[in-house]
Structures are given as C-alpha cells and as structure tokens.
Amino acid sequence: MMNTLFLDRDGVVNEQIVGGYVESVDQFVFKDLFFDAMKLLRPCFKHIILVTNQQGIGKKICTQAQVDAVHSFMQMRLLSQHTPMDAIYCCPHLASDHCDCRKPNIGMALQARNDFPDIDFSDSVMVGDSLSDMQFAFNAGILPVHAGTIRYPEFDEILSLTKYHFDSLYDFAHYLVNMSDENKMKNVHSS
C-alpha cells in the first residue's frame with residue numbers, strides 16, 4: 001500500500017467546464033469510469049485526498065455553500081461505492097490573492113499532513129490535469145502524474161514536470177494495479 005493519493009477535482013474527478021465553474025450539483029458530471037478508477041485505487045493508498053482550487057468562490061460566481069454541496073454529493077456517491085475520500089481541501093481564493101493554499105503553493109498539502117500526520121509526501125502521488133497541479137506536486141516533493149485530454153497551452157511545460165501522462169484517472173489506476181506489488185512505488189517514483 002502506498003501512502004497518499006492527492007487528486008485534483010475539475011478535469012480529473014468530473015468534467016471540466018472550460019472557461020467556467022461548477023456552480024451546482026446539476027453541473028457536476030463525473031468523468032467516465034471515475035468510480036471504476038476509485039475501486040482500483042482505494043486499496044492501493046492509505047489516504048485519498050482531494051485538493052482543489054475553486055476561485056469561482058472568490059469571483060462571487062458561486063458560494064462556499066454551493067461548493068460544499070457539490071463535495072457532499074461527490075462523497076455520498078463515493079460512499080455508496082465504498083470508496084470515499086479521506087478529506088477534501090478547497091482553496092476559494094483568487095489567483096491574484098497569492099494565498100498559500102492555492103495550487104501551485106502547497107498549503108493544502110501541508111494542511112492534509114497536519115490533519116493526517118502519517119502522510120509521507122515522498123511516498124505519495126498527485127494526479128491532476130493542469131500545470132498548477134504538476135507544480136504543486138513538484139513543490140511538495142510528491143510524484144506528479146498528469147491525467148487529462150485537454151491540451152492546455154502549457155502542455156509541454158506540464159510534460160516537462162512529469163514522466164507520466166494518462167488520458168484519465170482510470171487509465172492511471174489500470175496502469176498502477178497491473179504493476180507487480182513490489183515494484184509499484186519503486187517503478188513509479190524512479191521511472
């Protein structure tokens with residue numbers, strides 16, 4: 001069992017609203033095979049933790065209560081599949097606020113480690129779809145894994161920060177569980 005899987009939300013767990021924000025449960029659409037991915041990943045990690053920038057709150061497009069409702073809905077669906085996340089951390093601040101919790105800063109990772117003192121960043125993985133996710137992982141000493149099909153303008157820079165690119169969380173999960181147990185993190189962290 002590996003230590004911690006950190007997950008981004010929009011574009012990894014649910015469909016990204018390009019140029020917009022998920023404002024309600026009705027707009028929250030799980031990615032294809034997300035639940036299958038979680039069934040594969042849950043036994044592989046001691047902790048699974050969501051870390052998400054949600055500056056739609058800071059822009060007054062949605063409220064913290066609306067985002068919390070989306071996360072409660074997500075957790076209820078995961079609980080029904082016996083694959084809940086251990087914690088959810090959300091940065092509501094604007095990018096221009098330069099807060100410590102907004103990825104690529106590592107405030108959410110530090111908060112997670114404060115809440116779960118056994119978290120070991122060097123034995124952890126961050127799966128995200130954006131440059132800030134990869135930088136967050138790099139800054140915290142967590143293995144960055146890119147998962148997504150949207151090719152952002154900074155895609156080459158994203159790939160420069162990780163050796164691992166998958167089209168989806170499910171593809172990463174399938175790759176991970178098909179590695180032999182003794183080689184999982186050794187191969188993932190050293191490749």
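## Helix H3 and its packing

The buried residues of H3 pack against E1, E2, strand E3 (87–91) and helix H4 (131–140); contact here means heavy atoms within 4.5 Å. In H3 (residues 107–115), Gly107, Met108, Ala109 and Ala112 are buried, that is, under 20% relative accessible area, while exposed means over 50% and partly exposed in between (1.4 Å probe, protein chains only). Helices (H or I, at least four residues) and strands (E, at least two) are DSSP runs numbered from the N terminus.

This is a predicted model, in which local features need pLDDT of at least 70 and side-chain atom pairs count only at pLDDT 80 or more, whereas totals for chains, interfaces and linings use all residues. Residues are numbered from 1 along each chain as its sequence is written, and side-chain values use heavy atoms, with hydrogens and water left out.

## The chain overall

The protein chain has 7 helices and 6 strands, in the sequence pattern β-α-β-α-β-α-β-α-β-α-β-α-α. Along the principal axes, the C-alpha atoms fill a box of roughly 50 × 35 × 35 Å.

Of the 191 residues, 50% count as buried. Among contacts between residues at least 6 apart in sequence, 63% join residues at least 24 apart.

## Two nonpolar cores

A nonpolar core is a set of buried Ala, Val, Leu, Ile, Met, Phe, Trp, Tyr and Cys residues joined through side-chain atoms within 4.5 Å. The largest one has 33 residues, and Leu7, Met85, Val127, Leu169 and Phe172 have the most contacts inside it. Two or more residues of this core come from each of strand E1 (2–7), helix H1 (34–41), strand E2 (45–53), helix H2 (64–80), strand E4 (124–128), strand E5 (143–147) and helix H6 (169–177). H1 gives the most, with 5 residues. Apart from this core lies another, of 19 residues, among them Tyr89, Ala109, Met126 and Ala137.

Leaving aside neighbours within four places in sequence, Val127 is in contact with Leu5, Phe6, Leu7, Asp8, Val12, Val145, Ala147, Leu169 and Phe172.

Phe136 lies in helix H4 and is buried, with a relative accessible area of 0%. Beyond four places in sequence, the contacts of Phe136 include Val51, Ala109, Met126 and Ile142, as well as Lys103 and Pro104. The C-alpha atoms of Phe136 and Lys103 are separated by 5.6 Å, although the two are 33 residues apart along the chain.

His71 lies in helix H2 and is buried at 5% relative accessible area. Not counting residues up to four places away in sequence, His71 touches Arg9, Leu50, Thr52, Ile88 and Cys90.

## Backbone exceptions

Most residues other than glycine have a negative phi, and most peptide bonds are trans. A cis peptide bond joins Lys103 and Pro104, with omega about 20 degrees. Pro104 lies in the loop between E3 and H3.

His98 is found in the loop between E3 and H3; its phi is positive, about 50 degrees, and at 66% relative accessibility His98 counts as exposed. Leu33, in the loop between E1 and H1, has a positive phi near 65 degrees. Leu33 is partly exposed, with a relative accessible area of 43%.
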